[in-house]
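This report covers selected local features of one model: backbone geometry, helix packing and aromatic contacts.

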Amino acid sequence: MLIMNPYSYRNILAVTFTNKATAEMKQRILDELDVLANNKSNSYLSKLQAELSLSDRVILKHAKEAQELILHDYSRFSVITIDKFFVKILKSFERELGLESDSTINLDAEYFVSLSVDRLLEQMNNDEKLKQWIVAMVEDEEGTDIRKTMLGVAKHILDVEYEPMSDASDAESLKLIYKSITEKEEIIKNNLIGKAKLFFEEAQKGGFEKKDFLSGIYNYVISFVDGNFKKPSANCHKAIDKDKIGSSKSTVDDNPIFLESFSEMIDIWQENSRFLNAYKLLNVNFRSFVMLADVYSYFLEVCKENNVMLLAHSIRLISKLINDNDAPFIYEKMGSRYDYFMIDEFQDTSSQQWRNFVPLLNNALSQGEENEDSVSLVGDVKQSIYYWRGGDWRIFEGGISENIDPEYITEHNLDTNYRSQRNVVEFNNMFFEKSNEIFLSTIEGDFVEKGVPEEYYSTIIDAFRRSYGDVSQKVPQGKDDSGYVEVAKCDFKEEENLGRMVQTIEDLQDRGYSPTDIAILVRTNREAESVVSYIMQYKNSQPLDSPYSYDIISEKGLLLVNAPVLRFVISVMNMVVMPNELDRAIYNNYLNKELKNREPLEDVWLWDKIRQLPILEIYELLLQHYNLSDKDENIAYLQAFHSTIISFTAQYTPTLTNFLEWWERYGIKQTVVLPDEQQAIRVETIHKSKGLQYGVVIIPFCNWVTYRSNNSKMWVNTDEKPLNELGKIIIKEVSLLGESSYDQQYQQKVLMTKMESFNMLYVAYTRAKNEMYIFVENGDNKNVVANMSVLLKYTMSKIIQEGDKYPKLIDNDTVLSYGKKLIQDKKEKKLEPLNEYHSLDYHSKIALRLSDERYIVPEIESVGLNPRDYGVLMHKVFEELGSIEELPGRINQMTLDGELTNSEHKELLEALDRVMQDELIASWFDKRWQVRNESAILVPTEGVVKSFSVFKPDRVMMDGDEAIVVDYKFGLNDSPKYLKQVNNYVNLLRDMGFKNVKGYLWFVQKGRIDIVL
């Protein structure tokens, strides 16, 4: 597109899923344009000539022009994450969504969920019924910490599957449905117990005992008498099939009641077992499900108060906006027009994200023949590893045609690997051609053996099998016979694998690889911590002049909370708010004092100052006072912490208390972000590595299980009555789900999770350019798909049995290798270190003078405050003031919050005392009024999307059918629009039902009051 028309970058949207992948995509586009523009050797040139029928000269000219245009108009170069694209849509529709113009799109959803839980817990103290419900819910969840348990449940309001209730009556309706489900369970249970009692009573009459019945029969009946219903054993079925339940020496079978009641009991169980198991699960999870409605109502309240829209919560709104409006209207609102779309990593797109894109894509495709190729969906089902986050590869595999006219769909298979060396590609071809069929056939056999209905799994397995039908990749012509893969069997418990990993790192550096060429890929964060810890311990055991670098980059290793300098900063902040022993010890340790030192603190005077400053200025003051940036090792952490504070202040009220609360819950997860050029070994999870490439890949723990029930929760529904009336509910993921009315969804989740585990192998193995080292665990397991070590060893044994088919494959019992190790030319890359980190004196910062006339007044002799501060502070007082009695407390609080100095406190209080001498003004602050300060009045407006006009009078006082509205003006300027504004407020209040309404325009500084009737 860019070569045909250099200006087309303005109309192209390319989206992917991570910031790293976005940055890499942008870099690759610009790099290729640069290669073309400068007439360097380029594999695309001949393809462009053939496809576009353009000469070399024109291609080079257009490439240079496109490069310059993009670099000079970079903000229009729309290669962005899918989240950022949806944020652009949301910001364009602020008014229609009822958001303030300065609203922020926030990614920190868990923080606002926690605030919602806190409010619900506060409400619990005043609501005994709610308290009992929550306590019972925590017991259901087997929790010990109420808040922690509630947070674990409450986070599910952010799930895509969660459907908010419209009002409290919905919760009551759910309880009525649950009651009807319980009633059905009681009927079935009593019926089963009745049959069991009949059997037992008949046995007592005849004097029969346990020994008179076939093995297991008597105990099974007794369990039903006790209400303990369980699956019948093979002996139970065998007895019914043979019409015999008595032992060979008894006369039990002479009495038909035994066999009849036992058979009926089994039949009732068989017919209702799925429902009974579903009820058992529902009984434990129902309270949690209903509680989500309470959390959600507070969640909306918290978001509104903070004027934020959470991205995780806004997908529904985007869906409504896109589906209720024409695509051209959406583009017009966004200020952008996209004619060409590319969605990368499409296999990880969720069904809801896809639904949001469909109208835009169809619009682009319908613009005429020249736009038939305007949409590119790029993906690989084999790299789908985000099912747990909503990614659904089935859309890419066969679901696109359900939403896009098949006439527009053309499939292209990219079968050439340009990333990896020949031997790496050949090893992967060899392994995945064999292992995928072993894997899928084994899973299929397991389902058949367990009696899982074929329709639950066959379609999914067939689709997955097709995706691996094209797993074999070609190597570009001209690539030599290079590259190396090694599989080593290790004892993980003895850390043999980690020792071998370090030896491999040293060997690689001996052969010319730099640390930045090496990536260690792991499955979990816990494994990353193990790797980092082992390498750091090993580094400390080596001489200082070691020729090897053991420097590493890992998110866990670069947590800000681990930096001593930042632990000191946080300890000082904590002691300012509430002194404690632990923070005092951290403080002493950093300043090289005895941990238990109790000498008076010489800098308490500083802390008094801190209490009156916002968090950013507190940080800069601490930097300067304690000379924190003097040590080079502190600088990266100080810089990252500074960025964290700036980000915090952009989203939250920047007080010290708020920041410390946020830091305690979420700030501790913040990390230092280092440049990619940093000369260090990468330690990444496989999820984070997707879409990236590395010179060498080491996989030290290739033994992850394919599926493990970790007691997470999943959303399920069913068509079975009356369970279907509940809609989607959330239930803990346990094996019993597979024997309940929700069995299909459970079995499919198990299947999809296992397939994703296999895809993790594919993603990890295809990151390497030159070499790859895989460590598998010693030991055997009969289940080939139990974990990846077993699958890999079994697959390789099958490949080796094929004899000379793969001559490069060498098996030395404990080590299997393919290809030859490479010798690299050493290339040193040096980064200039940051040896200083400057912080400005907060006193010298520029303060912007706002131009809003309501706050700006000329010099006033009667008040020592400067004019602007006087207006701002007076308004601050009035915007939260209820009655005159609250006035001293309000001024005191402003002083404690650092908004007033002691002298300003006195001056402002005296000024307000003079103002309140006026009887009319004093009457406005009488306790009899119900007061609304700066509360919004919403007035519906007509439009394409339902919206509201918002009016905010400064103060409204209500008492019965009487209302008074007052608008403050702190300037000396007058304007007819002020009276018109207050008159509008008066009319709105009359429309709301107030019969006696008065309006006043109060010019505070002039001492003038205008009446509006």
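## Backbone, packing and rings

Asp813 is placed in the loop between β15 (809-811) and β16 (815-820). The model is predicted. The phi of Asp813 is near 70 degrees, a positive value in a residue other than glycine. With a relative accessibility of 57%, Asp813 counts as exposed.

Glu345 also has a positive phi, near 50 degrees, and is likewise a residue other than glycine. Its loop runs between β5 (340-343) and α14 (351-365). Glu345 counts as buried, at 13% relative accessibility. Most residues other than glycine have a negative phi, and most peptide bonds are trans.

A cis peptide bond joins Lys721 to Pro722, with omega near -10 degrees. Pro722 belongs to the loop between β12 (713-716) and β13 (729-732). The table sets out the backbone values of these sites.

| Site | Backbone value | Location |
|---|---|---|
| Lys721 to Pro722 | omega near -10 degrees | Pro722 in the loop between β12 (713-716) and β13 (729-732) |

A glycine with positive phi is found after helix α9: Gly227 follows α9 and has a phi near 80 degrees. Helix α9 covers residues 217-225, and its buried residues are Ile217, Tyr218, Tyr220, Val221, Ser223 and Phe224. An α-helix has 3.6 residues a turn, so residues three or four places apart point the same way.

Tyr218, Tyr220 and Phe224 form one aromatic cluster together with Phe199, Phe200, Phe208, Phe213, Phe229, Phe258, Phe262 and Trp269.

The count of aromatic pairs comes to 56. One of them is Phe641 with Phe659: the ring centres are 5.9 Å apart and the planes stand at 75 degrees, so the pair is edge-to-face, the cut-off for that class being over 60 degrees. This pair links distant parts of the chain, with Phe641 in helix α24 (residues 635-651) and Phe659 in helix α25 (residues 656-665), 18 residues apart. Phe641 counts as buried at 0% relative accessibility, and Phe659 counts as buried at 0% as well.

Charged side chains also sit over rings. Lys184 lies over the face of Phe275, 4.4 Å from the ring centre. The charged end of Arg928 is over the ring of Trp929, at 3.7 Å from its centre.

Two packed helices are described by the angle between their axes and the distance between the axes. For helix α6 (residues 128-140) and helix α7 (residues 146-154), the angle is about 80 degrees and the axes are 10 Å apart. Helices α6 and α7 are therefore roughly perpendicular to each other. In this contact, Ile134, Met137 and Val138 of α6 meet Ile146, Thr149, Met150 and Val153 of α7. These contact residues comprise six nonpolar, one polar and no charged.

Thr685 is part of strand β10 (residues 681-685). Thr685 is buried, with a relative accessible area of 13%. Leaving aside residues up to four places away in sequence, Thr685 touches Val522, Thr524 and Asn525.

Key:
Residues numbered from 1 in each chain as written. Heavy atoms only, no water. Buried < 20%, exposed > 50% of the residue type's maximum accessible area, 1.4 Å probe, protein only. Helix = DSSP H or I, 4+ residues; strand = E, 2+ residues; numbered from the N terminus. Phe/Tyr/Trp six-rings, centres within 6.5 Å; stacked < 30°, edge-to-face > 60°. Lys NZ or Arg CZ within 6 Å of the ring centre and 35° of its normal. Axes fitted to C-alpha atoms, helices over the stretch in contact; angles between N-to-C directions. Parallel < 35°, antiparallel > 145°, perpendicular 65-115°, else oblique. Contact = heavy atoms within 4.5 Å. Nonpolar A, V, L, I, M, F, W, Y, C, P; charged D, E, K, R; others polar.
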